[in-house]
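I opened this notebook to record what I looked up in the model. The entries follow the order in which I consulted it.

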Amino acid sequence: MKKIRKYSGFLTGFAVAAIFILFVRAKTSDSYFEISKNLDIYATIFKELNTYYVDPIEPGKMMKTSIDAMLDNLDPYTNYITESDIEEFEFQTTGKYGGIGANMRLKDGVIFVGEVYENTPAYKAGLHPGDEVISIDNQVVKGKNLDDISLLLKGAPGTQVNMKIKDAYTGIEAQKIITRGEIEVSSIPFAGLIGPNKDVAYVRLTQFTPACAKGIRDALDSLKKAKPDMKSVLLDLRNNPGGLLNEAVSICNIFIDRGQTVVMTKGKVPELSEEFKTKDQPWDTQIPVAVLVNQFSASASEVVSGTLQDLDRAVIIGTRSYGKGLVQVTRPLGYNARLKLTTAKYYTPSGRCIQALDYSNRNADGSVGKIPDSLKKEFKTASGRNVFSGGGIEPDVKIKDEEISKLVIALYSKNYFFDYTTQYVKQHKTIAPAATFTLTDNDFNQFAKWLENKDYSYKTETEIGLDSLKQIAIREKYYDGAKAEFTALQNKVSHDKKQDLAKHKEEVMRFLESEIASRYYYLRGRIENSLKTDNDVNEALAILGQPAQYKALLTPHK
């Protein structure tokens, strides 16, 4: 009973403290009584469950479940972060964690080293992608999941981890004692000069982490020094989910003057409504700029692309962005837990909010609908071009998203690109620079031969549709009478794997080339190699290479 009294006392204290805080903050509101009443009921239910429920309960787990259910009615960005989740949260916001600097892959219950990051403890210890992990700190890892492995590998910088590894290239088993370090995954994995004349500065930004704006400035300074007659800048924000708002403002400041409004936030609490202006000297206010976005470019990515579009400072290229116009802050809750909650909406210089989903007005089934076109408002850029609120950033130049074939998805998900690359590296000590590395027809034929006895079966859209029709026919009792026709049609539409491989040769080669390039030149090599066949990049280069076209895109149509 001592344990029960301990939990009961804690919960009573928690409820009293929560009621007092809410009372103080909501004393001017008519709803404070309703809030305190329901908190009292909640605490009482918790005590009754803890005292009388037939089986032991886990208070922390139950509390997490109830809080998550409560927040689920708001938006997906308002989250309860427990003490055990803090490390992952910090990594998402800073790009830093304590570990060895490598990720792991799981295949058929066996753990393999996946990507190894440059100049990390894993890199210095000689780990390779494809190495089999046998044990970690004398714990056999076969059968464990990737979350278990992550917990074993992460830890405070300076601590050691003992890994038993089977080398992917020699087959030799060896113990590796690795000293963990502070791993910082760079949010600028590649910056370089691209284009026919190598006069376009390309910068890929994967997340808005602390000091990333300085990182971009430094990269541009370095590229400018290497190419004094550099003609333009291409900023790639595709698949960038966002991050720190102040870094978005600083990145805009690279291309626009000091004192310019970049974004305004407006919330229920007056002190959280703010206007963010550029504070520093710009890097260059005249050089042509293009920004790449896609459907996964969100939040801070949309602040940068939306602001540069509103000010007619850059041509936006790609597909419509995600449409996240909400601002989050984190609040401490005690016991090293935090609440990340949405406190405001943000507005670009023209006055538009690009939030695409209306979480405050849910449908009867609880789903969230997009803001209808009829409610989207028209705004004007600095030069008078039309832009709209309520649906992400609409690019100035739209490019259709290239769909990945089911064949490539099957090869990737079964680790065949990864596994074949391990074999390829065994036989090739070096390759051409990442930017120019390509595979030959003979290389493709060797890959096809290696695949001959491998299972990479998948179903086409037609086969999936036919299976669905067959199930309907069985349910409605028509199948027996049409069985012969179904079988004949199934045989007719069944795909031949060899034909599919030949049909998608170009796409398969592209994925295999980038995987191979990553083994020799790491993540920067993977990105640099992929640029040569990137439709969005090639379109941007074409526009930046035609000053008249570039200027016309930033000028209102008469």
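This is a predicted model: local features need pLDDT of at least 70, side-chain atom pairs count only at pLDDT 80 or more; totals for chains, interfaces and linings use all residues.

Entry 1, aromatic pairs. I took rings of Phe, Tyr and Trp (its six-membered ring) as paired if their centres lie within 6.5 Å, with planes under 30 degrees apart counted as stacked, over 60 as edge-to-face and the rest as tilted. Residues are numbered from 1 along each chain as its sequence is written, and side-chain values use heavy atoms, with hydrogens and water left out.

I looked up F190 and Y202 and found a tilted pair, 6.0 Å centre to centre with 40° between the planes. F190 lies in strand β10 (residues 190–194) and Y202 in strand β11, so the pair ties together parts that are 12 residues apart in sequence. Strands (E, at least two residues) and helices (H or I, at least four) are DSSP runs, numbered from the N terminus. For burial I used relative accessible area: under 20% is buried, over 50% exposed, and in between partly exposed (1.4 Å probe, protein chains only). F190 counts as buried at 8%, and Y202 is buried at 0%.

I then turned to F447 and W450, whose ring centres are 6.1 Å apart and whose planes are at 15°, so the pair is stacked. Both lie in helix α12 (residues 441–451), three residues apart, about one turn of the helix. F447 is buried at 0%, whereas W450 is partly exposed at 22%.

I asked how many residues of β11 are buried. Five of the five are, so β11 is largely enclosed by the rest of the structure. V200, Y202 and R204 point one way, while A201 and V203 point the other way. In a regular strand the side chains alternate between the two faces of the sheet.

I counted strands as paired if DSSP finds at least two bridges between them. β11 pairs with β10 in the antiparallel sense over five bridges, and R204 is the bridge partner of F190. The hairpin of β10 and β11 has five residues between the strands, and G195 there takes a positive phi near 100°. β11 and β12 run parallel and are joined by five bridges, with L235 as the bridge partner of V203.

A core here is a set of buried Ala, Val, Leu, Ile, Met, Phe, Trp, Tyr and Cys residues joined through side-chain atoms within 4.5 Å. The largest has 41 residues, of which F208, I216, L220, I251, V291 and V304 touch the most other members. Among the elements that each supply at least two of its residues are β11, α7 (212–226), β12 (232–236) and β18 (337–347). Apart from this core lies another, of 23 residues, including L407 and M509.

I located N294 in the loop between β15 and α9. At 8% relative accessibility, N294 counts as buried. A polar atom of its side chain lies 3.0 Å from the backbone nitrogen of F296. Leaving aside neighbours within four places in sequence, N294 is in contact (heavy atoms within 4.5 Å) with R238, N239, T319, R320, S321 and Y322.

How values were computed
A polar contact is a pair of N or O atoms within 3.5 Å; within protein, one must be able to donate a hydrogen and the other to accept it, and residues adjacent in sequence count only if both atoms are side-chain atoms.
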